[in-house]
Amino acid sequence: MKTKLTDTAKPHSQEKPLLKRICKNGDIRNIPPEALGDLAAEIRRFLIEKVGAHGGHLSANLGVVELTMALHLVFDFAKDRIVWDVGHQAYVHKILTGRKDAFDTLREYGGLSGFPKKKESPTDCFDTGHGGNSVSAGLGMACACELAGSDDAVVAVIGDGSSTSGMFYEALNCAGRLKRNFIIILNDNEMSISRNISGLAHYLSSLRAAAQTEAESTVASLRAGFAHFGITYFGPIDGHNVPQLVKTLQTARRIDHCVIIHTLTQKGRGYPPAERYPDRFHGIGPFDIPSGVPRQTKSGPSWTDVFASALMAEAAASPAVTAITAAMADGTGLKAFASRFPERFFDVGIAEEHGVTFAAGLAAAGRIPVVAIYSTFLQRAYDQVLEDVCLQKLHVVFAIDRAGIVGQDGETHQGIFDVGFLSGMPNMTVIAPKNAPELEAALHYAIHACDGPVAIRYGRGPASRLFADRSLPFAGQRSEPLLAGKDATLLAVGHMNAIGAKAVRLLAQTYGIACGLVNARFLKPLDEKTLAACAQTGPVITLEDNVRAGGFGERTAAWLSEHAPATRTLILAIDDIFVAHGSPESLLRELALDPPAVAKRIAAFLGGA
């Protein structure tokens with residue numbers, strides 16, 4: 001019963017460049033069994049070099065090298081199907097399906113995606129990017145195969161972090177009723193992005209201990225528990241032992257119902273810096289390979305840093321303030337808060353829906369919860385924000401990190417929908433600060449001056465200091481005039497004020513147009529007094545890195561059409577599309593939302609070009 005994590009990350013062999021022989025799906029089956037350890041080492045070296053040069057998700061991919069190899073040795077993903085939960089760990093799958101030469105374009109605009117993409121390869125059967133959905137999607141595929149009379153294999157890979165998601169349990173509840181083969185790989189590396197702290201994580205840790213101490217009774221009880229659901233359990237097994245994995249997968253493939261294979265892996269395996277700090281190498285920019293140190297130094301505090309410091313100050317002044325994260329303590333800046341105020345910090349795991357309603361309960365009992373969640377992940381809790389928070393007008397503060405265009409993670413991670421879905425909720429206030437001091441002021445206002453739900457959206461990367469020497473008070477929920485202009489007025493949302501300011505200068509220098517600039521600041525409710533004043537000046541233009549539908553621009557244009565119908569309006573926003581991966585700069589250029597394009601579009605609208 002004893003399971004030991006074997007070390008297959010052997011030194012790279014220059015004499016046997018096995019990876020060069022992997023050019024398409026299935027080529028791994030031509031590698032001799034005795035050479036698979038060397039291939040694993042070559043794959044790790046390749047991953048470290050490519051991610052070191054271009055950035056990407058490293059720790060998770062280093063941890064699943066042998067597991068992915070075993071899957072490709074047993075299954076043919078030209079016809080069989082594999083669904084990778086989240087998809088951070090799909091780089092090895094991409095290598096083994098003929099895409100290794102595209103890694104020099106990893107996460108660049110028009111290049112290789114960091115996530116599974118059906119448009120890239122037929123071996124990617126489902127686009128993923130958020131956690132917890134692989135078992136549900138895989139179960140749907142297995143049922144479709146059963147209806148079609150097909151015996152194609154379906155495999156869903158899910159990490160122990162994602163298995164804290166409610167969807168995982170909902171899917172398991174149905175999976176036991178399936179009357180054909182369906183394999184679930186529970187990849188247990190004791191991590192999501194940060195270290196897991198949920199009840200399930202503690203239980204899996206006990207299973208790890210059982211595997212090491214040969215405590216057969218603990219594992220037997222788990223097998224019996226899954227059997228009650230109609231699911232067969234294998235494990236825990238060493239996720240770095242290719243022969244053992246292959247044998248287990250072959251056995252699981254012959255079973256005529258749902259199977260769970262519990263594998264034990266090491267996140268960051270084979271690269272000492274990532275082994276020591278797997279969270280730092282979850283998603284990382286280019287780095288120096290010998291040291292693991294990022295190549296690009298930070299140019300001042302990030303938006304996340306500013307929020308984190310401001311929240312610490314608010315919590316020190318008010319014992320009612322609490323903080324909630326969904327397995328993203330590091331990413332949302334709450335790690336220091338958790339250390340200083342552990343009794344007021346709550347990590348709910350990858351369970352945003354629960355986190356929001358949990359916050360509603362805290363607020364209903366007199367606390368002031370601050371829920372720090374990336375924009376893209378808050379979408380998962382739409383119903384809870386609407387029904388459990390807004391309906392009761394509970395004082396919950398949503399700190400929406402990574403709002404707007406965030407870059408290389410692509411469609412599933414761009415924060416371009418929050419303005420639309422939050423602005424449609426009664427009782428919700430939505431604020432977009434233009435710079436670092438205004439983010440601090442917005443958080444203070446949300447905590448102390450509001451009695452209902454408030455959402456504060458801010459971007460990724462260095463926090464702007466533009467116009468830091470000026471800031472009107474938040475009282476009265478007013479927007480903020482920044483630059484005067486007699487020909488038109490541009491109302492910019494949050495960090496887009498930096499682009500707006502450059503565009504206004506270009507309009508004056510290139511087109512001879514004097515356009516004013518207003519920091520919208522309050523996206524809901526609209527500052528109707530300022531809108532009325534802008535309408536008297538002339539045409540009104542809005543600028544946001546959010547989708548047009550339901551966004552600030554559409555709501556502004558609707559108000560003006562009713563109250564100042566003669567006013568010409570131009571909405572500069574993202575069209576009805578999903579935004580691909582690439583650097584924020586390249587994406588803004590492609591979307592015609594960079595300063596030159598904004599100035600040109602405004603000039604054309606005003607008849608000056």
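Trainee: In S3, which residue is the bridge partner of Ile158?
Mentor: The partner of Ile158 in S3 is Leu186, and five bridges join S2 to strand S3 (residues 182-188), with the two running parallel. Strands count as paired if DSSP finds at least two bridges between them, and helices (H or I, at least four residues) and strands (E, at least two) are DSSP runs, numbered from the N terminus. Bear in mind that this is a predicted model, where local features need pLDDT of at least 70 and side-chain atom pairs count only at pLDDT 80 or more, while totals for chains, interfaces and linings use all residues. Residues are numbered from 1 along each chain as its sequence is written, and side-chain values use heavy atoms, with hydrogens and water left out.

Trainee: What order do the five strands of that open sheet have?
Mentor: The order is S1-S2-S3-S5-S4, with parallel pairing. Strand S1 (81-84) and strand S4 (232-238) are the edges, each pairing on one side only, and the twist averages 20° from one strand to the next.

Trainee: And which strands does helix H5 lie across?
Mentor: Helix H5 (residues 134-148) lies across S1, S2 and S3, at about 170° to S2. Contact here means heavy atoms within 4.5 Å, and angles, from 0 to 180 degrees, are taken between the N-to-C directions of lines fitted to C-alpha atoms, for helices over the stretch in contact. Helix H3 (residues 65-74) lies across S1, S2, S3 and strand S5 (258-264), running at about 160° to S1.

Trainee: Changing topic, where does Asp160 lie?
Mentor: Asp160 is in the loop between strand S2 (154-159) and helix H6 (166-175). In an unreviewed UniProt entry, a "binding site" annotation covers Asp160 and Asn189. They span 30 residues in sequence, yet no two of their C-alpha atoms are more than 6.9 Å apart, so they gather at one spot. As for such records, annotations may be inferred rather than shown by experiment.

Trainee: OK, what about the other sheet, what order do its seven strands have?
Mentor: That open sheet has the order S7-S6-S8-S9-S11-S10-S15, with mixed pairing, and its edge strands are S7 (345-347) and S15 (522-524). Within this sheet, S8 (residues 368-374) and S9 (residues 397-401) pair in the parallel sense over five bridges, and Ala372 stands opposite Ala399 in S9. Helix H11 (residues 303-317) packs on the sheet, touching strand S6 (321-325), S8 and S9, and its direction makes about 145° with that of S6.

Trainee: How many cavities of 30 Å³ or more does the search find?
Mentor: Searching the whole structure gives three of them, a cavity being a set of points on a 1 Å grid over the protein atoms alone where a 1.4 Å probe fits but cannot get out, with lining residues having an atom within 4 Å of a point.

Trainee: What is phi near in Ala327?
Mentor: Phi of Ala327 is near 65°, a positive value in a residue other than glycine, and Ala327 is in the loop between S6 and helix H12 (335-340). Most residues other than glycine have a negative phi, and most peptide bonds are trans.

Conventions
On a 1 Å grid over the protein atoms alone, a cavity is a set of points where a 1.4 Å probe fits but cannot get out, and a pocket is an open set with protein on both sides within 12 Å along at least five of seven lines; lining residues have an atom within 4 Å of a point. Grid points are joined across faces, edges and corners, and a volume is the space filled by probe spheres set on the points.
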